[in-house]
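Here is a short report for someone meeting this structure for the first time. It starts with one residue and widens to the whole.

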Amino acid sequence: MKLNERSVAHYATCDSPADHAGFLRKRVERHHHHAHHHHATSYQRRWFVLKGNLLFYFEDRESREPVGLVVLEGCTVELCEAAEEFAFAIRFDDAGARAYVLVADGQAAMEAWVKALSRASFDYMRLVVRELEKQLEEACKSLAACRKSPRRSSSSGRKRHLSNPALLPLQEKPTVLENGYSTWGSGGGVPGGATCPDRDGGYAKPPPLPPRRRSAASSTMGSPAPGLSPAMPESPVSPETDCFSKLHSWYGQEITVLRREWQERQKKRHQ
Amino acid sequence: MRYNERELLSLARQPAEKAAEVLMRVPKKGSVLKRRLVKLVVNFLFYFRTDEAEPIGALLLEHCRITREEENVFSISFVEEPERKYCFECDSEEQCREWVEALKRASYEFMRRSLIFYRNEIQKMTGKDPLEQYGISEEARFQLGTPKQ
């Protein structure tokens with residue numbers, strides 16, 4: 001079976017961060033038919049690099065290309081009853097599959113490797129991501145539920161809420177739910193941090209506060225029917241998501257009040 | 001480079017995230033579009049002759065670029081060799097779009113970035129680090145500020 005080996009080797013040696021690295025001694029596996037002969041077990045010291053669900057090993061630390069790769073998906077990692085101290089094994093379900101027996105330099109190193117390897121699978125990572133996705137959704141919902149409480153009498157109270165950065169993820173969150181991850185550049189930058197460029201519609205940065213919000217008190221609403229597109233902050237959210245509609249109606253309530261106040265003022269003026 | 005082909009073949013038999021029959025062309029001189037069964041399993045894309053149980057090949061989907069080409073067509077290339085493209089022609093525009101989205105999300109590196117993002121957002125909103133309960137908050141792979149991918 002072909003594999004895009006050149007690209008795989010490149011991934012092994014490029015500067016993307018390794019999840020774990022270090023020297024290990026790897027047991028040399030003999031062919032079956034040698035099993036009857038009493039060969040001494042021998043080990044080879046190799047430089048191991050773990051990236052995601054791939055365990056690469058190099059002849060030494062400065063090697064430019066890996067000697068080998070162990071795809072870790074579906075493996076179990078266990079401590080070994082081998083003659084060697086600090087030995088552990090990577091095993092696969094497949095009955096005939098060989099195990100990789102590895103020996104660490106000491107107790108701490110062995111424990112660190114076993115821990116890292118047993119969490120290296122794609123499925124594990126996917127599980128954690130889904131769990132966090134749920135947690136974020138729940139955090140959003142409970143935040144939105146707080147906001148549903150009736151509007152404050154003091155507009156300054158409202159303003160404080162709006163400048164609270166905690167509100168803003170409500171707008172970012174639906175983007176993730178709705179689009180999956182399509183707004184994330186697949187090859188580009190590091191989203192989610194302050195360094196993320198704005199090209200994805202200001203995704204990682206909180207959207208700017210709607211300007212009308214700030215001037216509400218001084219009431220620049222000269223036009224009779226203010227474009228009741230309430231001062232909606234720009235953000236690529238879907239109208240279908242729960243969070244957004246709550247946000248929408250929350251903003252809407254405030255607009256209704258302001259509009260009524262304006263209408264009262266107009267009435268008084270014309271009296 | 002040696003690798004545990006046996007386990008990779010076993011992985012190819014696992015339930016797929018996505019599978020379809022498409023036309024595929026490899027980046028080799030004179031190669032043509034051929035009907036293949038492609039199967040996405042974790043961060044590997046396996047491709048089979050349509051009547052065979054064992055894949056002809058596998059593509060590791062890390063550090064790759066998925067590009068929309070002409071109608072119904074997308075390509076996979078790798079960052080160190082962007083001109084070498086594996087081309088896939090789908091039956092419809094919609095199928096093409098679905099594959100592009102699925103493949104963009106299929107890398108371990110992508111999941112790592114998602115996790116870091118969620119962790120950060122949850123921390124901002126709740127003040128708590130959601131990874132602590134897993135006992136993995138200190139691990140290098142989950143830290144913010146890993147600059148390059």
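Q14(B) sits in a loop of chain B, between α1 (5-12) and β2 (18-25). The model is predicted. Is Q14(B) buried, partly exposed or exposed? Its relative accessible area is 35%, so Q14(B) counts as partly exposed. Leaving aside residues up to four places away in sequence, Q14(B) touches K39(B) and V41(B). V42(B) is 28 residues from Q14(B) along the chain, and their C-alpha atoms are 9.6 Å apart.

**Chain B as a whole**

Chain B has three helices and eight strands. Their order along the sequence is β-α-β-β-β-β-β-β-β-α-α. The chain has 149 residues, and 53% of them count as buried. Take the contacts in chain B between residues at least 6 apart in sequence: 41% of these join residues at least 24 apart. The accessible surface of chain B is about 7000 Å², with 46% belonging to carbon and sulfur atoms.

**Where the two chains meet**

Chain B brings 66 residues to the contact, and chain A brings 68 residues. Together the chains bury about 6300 Å². Carbon and sulfur atoms hold 62% of that area.

In one salt bridge, the side chains of R112(B) and D19(A) meet at 2.6 Å, N to O. Several elements give two or more residues to the side of chain B that touches chain A, among them β1 (2-3), β4 (44-49), β8 (81-89) and α2 (93-104) of chain B. α3(B) gives the most, with 16 residues.

**Confidence in chain A**

Chain A averages a pLDDT of 70, and 56% of the residues score at least 70.

| Element of chain A | Residues | Mean pLDDT |
|---|---|---|
| Strand β4, highest | 54-58 | 97 |
| Helix α5, lowest | 169-179 | 38 |

Over residues 152-205 of chain A the pLDDT is below 50. Beyond near neighbours in sequence, this stretch has 103 contacts in the model. Residues 211-242 of chain A also stay under 50 in pLDDT. For residues 211-242 of chain A, the model has 54 contacts beyond four places in sequence.

Technical notes
Residues numbered from 1 in each chain as written. Chains lettered and ligands numbered in written order. Predicted model: local features only at pLDDT ≥ 70, side-chain atom pairs only at ≥ 80, totals over all residues. Heavy atoms only, no water. Helix = DSSP H or I, 4+ residues; strand = E, 2+ residues; numbered from the N terminus. Buried < 20%, exposed > 50% of the residue type's maximum accessible area, 1.4 Å probe, protein only. Contact = heavy atoms within 4.5 Å. Areas by Shrake-Rupley, 256 points an atom, 1.4 Å probe, with all protein chains shown as cover. pLDDT = per-residue confidence, 0-100. Buried area = accessible area lost by both parts, 1.4 Å probe. Salt bridge = Lys/Arg side-chain N within 4 Å of Asp/Glu carboxyl O.
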